[in-house]
Amino acid sequence: MIWKQDTDLARLNGWSANTLMETLGIRITEVGEDWLRGTMPVDQRTHQPYGLLHGGASVALAETLGSTAAMLTLDPEKEMTVGLDINANHVRGARSGNVTGTAKPLHIGRSTQVWEIRIENESGELVCISRITMAVVPARVAAPR
């Protein structure tokens, strides 16, 4: 297992109170041996004007999952991660329901981490594929509780 912190779902979702994640309805739903999964509704909060899932909402889900996963691999008293780069390819539209993102590590190093996040619709079809690069830096702020 790659996690160095408690992965209790209530704790992880508690970090989202009063944030963008809460506004968009993003929830962490599962934690595996080396992956993290979460969902986001496709509704008026996450639509663009044509009634499709907004690409920025997909990126927000991807960044939430990749950043959370990266942080969980570190001792928060000593280190934290900050985003360096994120990219996303939007390959299929979604109009309703929920999308599910799964973050898996491609590289976990001493100074950087790279995570891939697959976002799928309720039929398991790929909606968005994203990759986030995180920098590992000394802890400078209080860790989320």
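**A pocket, a helix and a sheet**

The largest pocket here has a volume of about 470 Å³. One caution before we go on: this is a predicted model.

Let's stay with the pocket. How many residues line the largest pocket? The lining has 24. Closest to the pocket's centre are M21, S67, T68, M71 and P144. What kinds of residues are in the lining? Sixteen are nonpolar, six are polar and two are charged.

Now, where does the lining come from? Three elements supply at least two residues each: helix 2, at 20-24, helix 3, at 55-72, and strand 3, at 79-90. Which of them gives the most? Helix 3 does, with six residues.

Take M71. M71 sits in helix 3, and M71 is one of the residues nearest the centre of the largest pocket. Is M71 buried or exposed? Its relative accessible area is 17%, and the cut-off for buried is under 20%, so M71 counts as buried.

Who does M71 touch? Set aside the neighbours within four places in sequence, and M71 is in contact with Q5, W15, T81 and P144. One more pair to look at is M71 and T7. They are 64 residues apart in sequence, yet 11 Å apart in space, C-alpha to C-alpha.

Let's walk across from strand 1. Four bridges join strand 1 to strand 2, residues 36-41. Look for V31, whose bridge partner in strand 2 is L36. Next step: strand 2 runs antiparallel to strand 4, residues 98-108, and six bridges join the two. Here T39 has T100 as its bridge partner in strand 4.

How many bridges join strand 4 to strand 5? Eight do, and these two strands also run antiparallel. Find P105, and you will see W115 of strand 5 opposite. Strand 4 and strand 5 form a hairpin, with three residues between them.

A last point for anyone tracing side chains on screen. In a regular strand, side chains alternate between the two faces of the sheet.

Key. Residues numbered from 1 in each chain as written. Predicted model: local features only at pLDDT ≥ 70, side-chain atom pairs only at ≥ 80, totals over all residues. Heavy atoms only, no water. 1 Å grid on protein atoms, 1.4 Å probe; cavity = no way out; pocket = protein on both sides within 12 Å on 5 of 7 lines; lining within 4 Å. Points joined across faces, edges and corners; volume = space filled by probe spheres on them. Nonpolar A, V, L, I, M, F, W, Y, C, P; charged D, E, K, R; others polar. Pairing = 2+ DSSP bridges. Buried < 20%, exposed > 50% of the residue type's maximum accessible area, 1.4 Å probe, protein only. Contact = heavy atoms within 4.5 Å.
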